[in-house]
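Subject: Structure for your files

Hello,

Please find the sequence and the structure below. My notes on them follow.

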Amino acid sequence: MTPETKPLVAGNWKMNGLRSSLDTLKTIASGAAALVGKTDMLICPPATLLREATSLCSRTALRIGAQDCHSLPSGAHTGEISAAMVADCGATFVIVGHSERRDFQSETDAIVRSKAAAAHAARLVAIVCIGETGAERQSGETLNVLKRQLAHSVPDGATATNTVIAYEPVWAIGTGLTPTTDDIREAHAFMRADLVSRFPGNGTNMRILYGGSVKASNAAELMAIVNVDGALVGGASLKADDFLAIAGIYGSL
Ligand SMILES: O=C[C@H](O)COP(=O)(O)O
């Protein structure tokens, strides 16, 4: 089984976590040992914890990623971190284009695409987030939005090894709401067909995660959907027991 054909359960801690949270990370890393070969596990802590997190997890199966990177390798960009800096910390993944950054930092598809390309240049796996807003869903635009975001946010150099797609309906993030299983099936099938057509030889195995109010109580139902290759988990990744319960469900299917 190649890495890309195993599920990936990723936790995004967002702007949460002090050094005291490293205890949570240790617990998750211990639990990851039982899931080796069944599911890949990743935590993306805030940048302030990246280096300590990678040191702590270096001999474990838990992978560590960043939540964002700049598109340039270095320069006068106060407050930013480059993909090379993320890699230098020992991290192996980076999330780009999360809807909170598209919204609050006005990140466009073009910016997201350049960040993903920078991640690839630094030998990081880019988790490219896409997803429709509530208004776009209401107006029947979901698939058009996904098509546009895939076309313009995913660089031409994407492969099944260096890229993961995360479908996160914006209206489902942190709300407790999720699309119906039929809606998720339709969206993931649409994305799969798009990726297969654009990236022959890679699109079939490029992992497509679902994110938005994933918790232990809905993980089995979500993971059973064809073309759902894992989860991007926000709130439920902040508690080790909750995150391990979700990963355990993905690893058992
Ligand atoms: O990156 C994670 C997503 O934004 C999902 O967050 P959530 O699980 O708290 O809804």
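**Annotated sites and their surroundings**

G174 sits in the loop that connects β6 (163-167) with α8 (181-198). Please keep in mind throughout that this is a predicted model. G174 counts as partly exposed because 13 C-beta neighbours fall inside 10 Å, a number between the limit of 12 or fewer for exposed and that of 20 or more for buried. Leaving out residues up to four places away in sequence, G174 touches G234 and G235.

Residues up to four places away in sequence aside, K14 touches Q67 and G234.

Which residues come nearest to the ligand? Of the 14 residues around it, they are N12, I173, G174, G234 and G235. By type, the shell divides into 5 nonpolar, 8 polar and 1 charged.

**The active-site annotation**

For "active site", UniProt lists H98 and E168, again in an unreviewed entry. The two are spread over 71 residues of sequence but cluster in space, and the largest C-alpha distance is 8.4 Å.

Are H98 and E168 buried or exposed? H98 is buried, because 29 other C-beta atoms lie within 10 Å. E168 counts as buried too, with 24 C-beta neighbours inside 10 Å. H98 lies in the loop between β4 (93-96) and α4 (99-104), while E168 is in the loop between β6 and α8, where G174 is also found.

Neighbours within four places in sequence aside, E168 is in contact with S99, C129, G131, I173, G211, G212 and L232. One of these, I173, is also listed with the residues that come nearest to the ligand.

β1 is mostly covered, and 5 of its 5 residues are buried. In a regular strand the side chains alternate between the two faces of the sheet. In β1 both faces are covered: L8, A10 and N12 are buried on one side, and V9 and G11 are buried on the other. β1 and β2 run parallel and are joined by 5 bridges. Within this pair, A10 stands opposite L42 in β2.

Helix α10 (residues 240-252) contains 13 residues. From first C-alpha to last it reaches 18 Å, close to the 18 Å expected at 1.5 Å a residue. Its buried residues are F243, L244, I246, A247, I249, Y250 and G251. What covers them includes β1, α1, β2 (40-44), α9 (216-223) and β8 (230-233).

**The loop between α9 and β8, and one other loop**

D229 lies in the loop between α9 and β8. D229 counts as buried because it has 23 C-beta neighbours inside 10 Å. Its C-alpha atom is separated by 6.6 Å from that of L8, although D229 and L8 are 221 residues apart along the chain. Residues up to four places away in sequence not counted, D229 touches P7, L8, R207, I208 and L209.

N227 is found in the loop between α9 and β8 as well. N227 has 19 other C-beta atoms within 10 Å, so it is partly exposed. Its phi is positive, about 75°, although N227 is not a glycine.

R123 also has a positive phi, near 65°, and is a residue other than glycine. R123 is in the loop between α5 (109-121) and β5 (125-130).

Regards

Definitions and conventions:
Residues are numbered from 1 along each chain as its sequence is written. This is a predicted model: local features need pLDDT of at least 70, side-chain atom pairs count only at pLDDT 80 or more; totals for chains, interfaces and linings use all residues. Two residues are in contact if their C-beta atoms, placed from the backbone, lie within 7 Å. Helices (H or I, at least four residues) and strands (E, at least two) are DSSP runs, numbered from the N terminus. A residue is near a molecule or strand if its C-beta atom, placed from the backbone, lies within 6 Å of it. Ala, Val, Leu, Ile, Met, Phe, Trp, Tyr, Cys and Pro count as nonpolar, Asp, Glu, Lys and Arg as charged, and the others, Gly among them, as polar. The expected span of a helix is 1.5 Å times one less than its number of residues. Two strands pair if DSSP finds at least two bridges between them. UniProt positions are given in the numbering used here, feature names are shortened, and annotations may be inferred rather than shown by experiment.
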